[in-house]
Amino acid sequence: MAENMHYDAIVVGSGISGGWAAKELTEKGLKVLMLERGRNIEHVTDYVNADNETWNYPHRGVATQEMVDNYPVLKRDYALNEQTFGMWANEKDSPYIEKKRFDWFRGYHVGGRSLMWGRQSYRLSDLDFEANAKDGIATDWPIRYADIAPWYDHAEKFAGISGSVEGLDHLPDGQFLPPIPLNIVEKDVAARLRKSFGGKRYLINSRVANITEPKPEQNRVNCQYRNKCWLGCPYGGYFSTQSATLPVAMATGNLTLRPFSIVSRVIYDKDTKRAKGVEVIDAETNQTYEYTAKVVFLNASSFNSTWVLMNSATDVWEGGLGSSSGELGHNVMDHHFRVGAEGRVEGFDDKYYFGRRPAGFYIPRFRNLDGEQRDYTRGFGYQGSASRQGWKREIAELNVGKDLKDALSKPGDWTIGMTAFGEMLPSHDNHIALDRSTTDKWGLPVLAISVELGENERKMRVDMKQDAIDMLEAAGIKDVKGTERDYGVGMGIHEMGTARMGRDPKSSVLNGNNQVWDAPNVYVTDGACMTSSSCVNPSLTYMALTARAAAHAVDSLKKGEL
Amino acid sequence: MLRRDFLTMIAAVTGTAMIGGRAMAYDPTTAGTNAFSAEDTAFLDEVAEVIIPKTDTPGAKDAAVGAFMTVYVSDCYTAQDQQGFRTAMENLKSAATAQGKDFMQMSADERTTLLDGIAREARTASAEGAAKAKAEGRAAKNADLHWFTPLHQLVLFGFFTSEVGSNEVLRYEAVPGEYIGDLAYNGEPAWAT
C-alpha cells in the first residue's frame, strides 16, 4: 500500500491548537494529515509514571546532575525533574541562541505541551481586544469579543472547563463545570477581600481544564484530585490532545498522524499565491518528503510556526512567508510572573483538608479598570492557594530526635501565597530571527531570540508585589512578605505574538481569520497569532481561535475561495 | 515494520501502544554509579536514625535513608557538594572521636547529645550564612551553610519522601477522588503531599 501524499488539510503540530485543528477539520469531513516532529505518546499506555509514587523514583523526583548538565535551559525552573524527564525537547539536538536570556521550554512529542500544561483557562474580553487600539500600541486586534464568544462556548463545552460564574465584564463567564472547591481559609480571605478595596477585588475559584464531572462520551473520568496532571492522567481528568481532541479526530477515520516529521517549510506556489503543501524531514531517517494539501494549519507552537514561515517562500520574500509585513518574528510576548506575596494564617488550626487539588484560587485583574490610570498600562491577575505546612518547615528549637519527628509528622501553620501573572506589551524590538550559521541535529537553521521586559512591565511588577502584600494584610494574614523569584522571559511558557493578527497586511502577518495575508490557505492559530497578550492564560483562546479558523477554512474551501 | 504500515496501524487502531520500546514516554531514570561503600551506608543509617528515630512508628533505618542518601549524593550533587558531604561525614566521626569514642560504638543517648549539639551550632551558623548572603545580594542557594546542614536536610527529605515515612508516619492517599476544603482537624498526622 503506497503512503498517501495528498490530503485535504495538513496540520503542523499536535499540541493544544494542533489537536483542535485536527478535530474540527476531520469532523467536518476533511482528510487530514497531522505532522508531529517528535515521537508518539499513546493515551494512558505511555503515561508510565502516572501511578508512580515519589518513593519509587531513585532520586525522589529530583533532577540528577547529569540531567542538569544536559538541560542548561530547562534547569532554570521546575520543569526539569525526574517525573517528567524525556517530555521536554532535547537541548543538544535542538539548540537555539539567546541573544538575551530567554527560557524556552518545549515539548517535542505527540500532544506537545498539552500533556504538561498548567490548565488555567480564561476568556479574553473586550478590555483585551480593544487595548492596543485605545493605547495606540502595536496594532489593533481584527476581532472583538463577540467574534470569539461562541467559539469559547464551543471550546469550553468540549474541553471541559471547571469554574465559577462571577458576572465580571472583563473576565467573562463561560460554559463551566462545577468549580474545583476553595478551602475554608481561601473562602475566608475571599470574604474579607470583598469588604476591602471598595469591593472591587475578588478571589475566585481557578478556572481550569480539569473536569469535575465525567465525560463518558470522551471516555474521561472526572478529576481524582491526585495533582499529578503533568504525568499524563490515566483518568483523562484534564484536557490534552491525547485525552480529548485526538481520539475524536481518529474516530472520524479521516486523520493520519505522522510522528517524527519535522516540517522544514511550506511549499509556496508563486503563480496561485497559495501553499501547495509542506516539506517534511523524517526525524529518524533524515529523508525528505513532500505532502500536498488544499489548506495548511500551522500549530507548531508560536516560535516554531514562525520558524516554518521564515523558512518558506524565501525565493519570493527573503524573510519568508508572511514577512512582507515586517512583523514576522517580532512582538514576542510572555506573561511575566513570579512576583507576589505570602503569609501565615491564624485561626484555623482546627481545620484541615482532604485531597490534592490541581488548582487553587484566582484573583482577576483589578488595575487600570474603570478609568484608573497607574504609571503603566494593562494589568495582572494572581494565582495562589492556601494550605497547611508540612515536614519541610523549620521547627524552632528542635534539631534531632523523637520530638522533632513528632512535630514534623503533624501539619504546621496555615499559609497562603500568590503570584501575579502580568500582561506584557508587544514591542517590535522583541524578536526571533533565523540564524543560518547555526544548525540543529537535522541541519536546519536555529532561532536566535532577543527579548526583554520593558519599562511598562517593570513598573507593573512593583504593583504586582505591593498589591499582593496589601491584599493579604487587608485579609488579616500575619507575617506577610513580598516574594520575588528569578524570572527569565519565556518562563511563563506562554510565548506569543510572532505572527500577529491584524487589520492591515502592512502591519500584521495574519488577517482576522488567522490566514496568512500572503497565502490565504495557510492558517496560524497557535500563540503566534496573538496581537496582545492580555494577562490571562492563553490556551483557551488558542482553542477557540483554532475552531473558528477551521470553520472558516472549511467554509472557504466549499466556496472555492482557497 | 515499514513506516507506511506503521502509519496505517496508527490511523486504524487507537489506544494501543506503539511497537518498539524506544518510543516510551516519560523516560525511566535509574540510579548511577554509587560513590559510597556499605560502611558509609551503615554509618549514614545510624546518623539518620538519631535525627529520625524509630518510636511507635518507623524510623530512618526502617526507611533505608542511608542507602537513599548515597544514591542521591552520588547522582544529584555536584562534585564540590559531594566533597562537602564527605567532609561532613568525616567531621561527624571526628566529633565522636574527640569525645573518645567511635560514633558507631556510641549509645543512642550519646549520639543524640552529640548530634543535637552539632545541629544547634549548625542552625545558628547557617542562619547567619543565609542572612549574610541576603545582605550581599547573593541567592539563597549560594549562602555559606554549616557543614552539617545539607546532611541534616537530606535525612529529613529522604525519610519523609520514603514509602514508610509517607504512609506510616505521615498519611498518603493515592487516589483521593475528591477535595474537601473544610475538614475538622483532631491531631492526625499530616498529609505526605
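Modeller: Let's start with A:Asp103, which counts as buried because its relative accessibility is 0% (buried means under 20% relative accessible area, exposed over 50%, partly exposed in between, with a 1.4 Å probe and protein chains only). Before going on: this is a predicted model, where local features need pLDDT of at least 70, side-chain atom pairs count only at pLDDT 80 or more, and totals for chains, interfaces and linings use all residues. Residues are numbered from 1 along each chain as its sequence is written, chains are lettered from A and ligands numbered from 1 in the order in which they are written, and side-chain values use heavy atoms, with hydrogens and water left out.

The partner of A:Asp103 is A:Arg76, in a salt bridge whose closest N and O atoms are 2.5 Å apart (that is, a side-chain nitrogen of Lys or Arg within 4 Å of a carboxyl oxygen of Asp or Glu). This pair links distant parts of the chain, 27 residues apart: A:Asp103 is in the loop between β3 (97-98) and α3 (126-129) of chain A, while A:Arg76 is in the loop between α2 (65-70) and β3. Helices (H or I, at least four residues) and strands (E, at least two) are DSSP runs, numbered from the N terminus. A:Arg76 has 25% relative accessibility, so that residue counts as partly exposed. Both belong to a network of salt bridges that links A:Arg76, A:Glu98, A:Arg101, A:Asp103 and A:Asp486.

Now for another pair. A:Glu279 forms a salt bridge with A:Arg265, and here the closest N and O atoms are 3.3 Å apart. A:Glu279 sits in strand β9 (residues 274-282) and A:Arg265 in strand β8 (residues 261-269), so the bridge ties together parts that are 14 residues apart in sequence. With a relative accessible area of 17%, A:Glu279 is buried; A:Arg265, with 27%, is partly exposed.

There's also a salt bridge between the side chains of A:Glu24 and A:Lys23, at 2.8 Å from N to O. Both A:Glu24 and A:Lys23 are buried.

To put these pairs in their setting, the structure holds 54 salt bridges over all chains. Chain A has 11 helices and 20 strands, and 67% of its 562 residues are buried. Its C-alpha trace spans about 75 × 55 × 45 Å along the principal axes. Of the contacts between residues at least 6 apart in sequence, 72% join residues at least 24 apart (a contact means heavy atoms within 4.5 Å).
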